[in-house]
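Hi everyone, thanks for making time.

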Amino acid sequence: MEARASAKYLRGSAQKARLVIDMIRGKNVNQALAILRYSNKRAALGIEKCVKSAIANANEAAEKANIAVDPDELWLKAAFVDRGPTKHRSRMRPAPQGRAFRERRHFCHITVLVSSDKQDGDAKTTGKLAETATPAASKRAKRGGAAAAPRAKRTAPRAEAESSEKKVAAPKQEAKGEKKAASKPRKAVGRKKTEE
């Protein structure tokens with residue numbers, strides 16, 4: 001069961017409202033309302049009203065279709081913000097030296113879609129996908145060609161690994177030489193003080 005609600009001509013720019021919408025997208029309705037209630041953004045109040053309206057629309061549609069829907073199981077399937085009108089909405093603000101600064105009054109439209117179907121994460125854990133544990137094909141494999149060829153794994157035998165550990169002693173001497181070079185005093189960088 002899906003239901004949608006939209007709030008139009010809300011004060012504030014769409015860019016600022018998207019910051020709030022991104023916090024609640026894909027979350028449970030109760031979590032989303034808690035986030036919106038304690039959010040410190042001006043757009044949160046209008047978005048909260050829109051989410052509550054979407055929940056009411058879901059209950060209404062469920063009653064009409066004679067389906068039982070638990071409001072606590074609803075989640076935000078989609079939520080997006082569109083830019084509203086700014087034409088003929090510019091105002092002038094007094095500025096220093098007789099100038100005027102133009103203010104654009106921004107508006108935005110919010111649309112929220114709630115659903116009672118299982119989320120993608122829940123569907124993957126239950127069903128045939130959980131039984132068959134085959135990894136999904138990567139983007140390179142889908143392209144084909146040389147990119148699809150599997151990379152050879154490096155498997156060094158233990159004997160080779162042990163011999164490489166014995167050879168590590170030679171680089172330590174070089175490291176000691178580097179420490180001596182680093183311990184030499186540095187030249188003073190910057191301006192020299194002039195005597196007065």
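Let me start with a term: a residue is buried when its relative accessible area is under 20%, and exposed when that area is over 50%, with partly exposed in between. Please keep in mind that this is a predicted model.

With that in hand, look at helix H1, residues 14–24. Which residues of H1 are buried? They are Ala14, Ala17, Val20, Ile21 and Ile24. These residues cover an arc of only 120° around the axis, which puts them on the same side of H1. Turn to the face pointing away from that buried side and you find the exposed residues Gln15 and Lys16.

What covers the buried residues of H1? The cover includes helix H2 (29–37), helix H3 (43–64), strand E2 (75–83) and strand E5 (107–115). After H1 comes Gly26, and its phi is positive, near 85°.

Now on to H3. The buried residues of H3 include Ala44, Ile47, Glu48, Val51 and Ile55. Among the elements covering the buried residues of H3 are strand E1 (2–11), H1 and H2. H3 is followed by Asn66, another one to click on, with a positive phi near 60°.

Side chains of opposite charge can pair when their charged atoms come close. How many salt bridges are there? The count comes to 6.

One of them joins the side chains of Lys52 and Glu48, at 3.6 Å from N to O. Being 4 residues apart in helix H3, the two are separated by about one helical turn. Glu48 is buried at 10% relative accessible area, while Lys52 is partly exposed at 42%. Arg37 joins in as well: Arg37, Glu48 and Lys52 are linked in a network of salt bridges.

Next, Glu103 and Arg93 form a salt bridge, with their closest N and O atoms 3.7 Å apart. Glu103 lies in strand E4 (residues 100–104) and Arg93 in strand E3 (residues 90–94), so the pair ties together parts that are 10 residues apart in sequence.

Last stop: Asp22 and Arg25 meet in a salt bridge of 2.9 Å, N to O. Asp22 is partly exposed at 46% relative accessibility, and Arg25 is partly exposed at 39%.

Conventions. Residues numbered from 1 in each chain as written. Predicted model: local features only at pLDDT ≥ 70, side-chain atom pairs only at ≥ 80, totals over all residues. Heavy atoms only, no water. Buried < 20%, exposed > 50% of the residue type's maximum accessible area, 1.4 Å probe, protein only. Arc of directions from axis to C-beta. Contact = heavy atoms within 4.5 Å. Salt bridge = Lys/Arg side-chain N within 4 Å of Asp/Glu carboxyl O.
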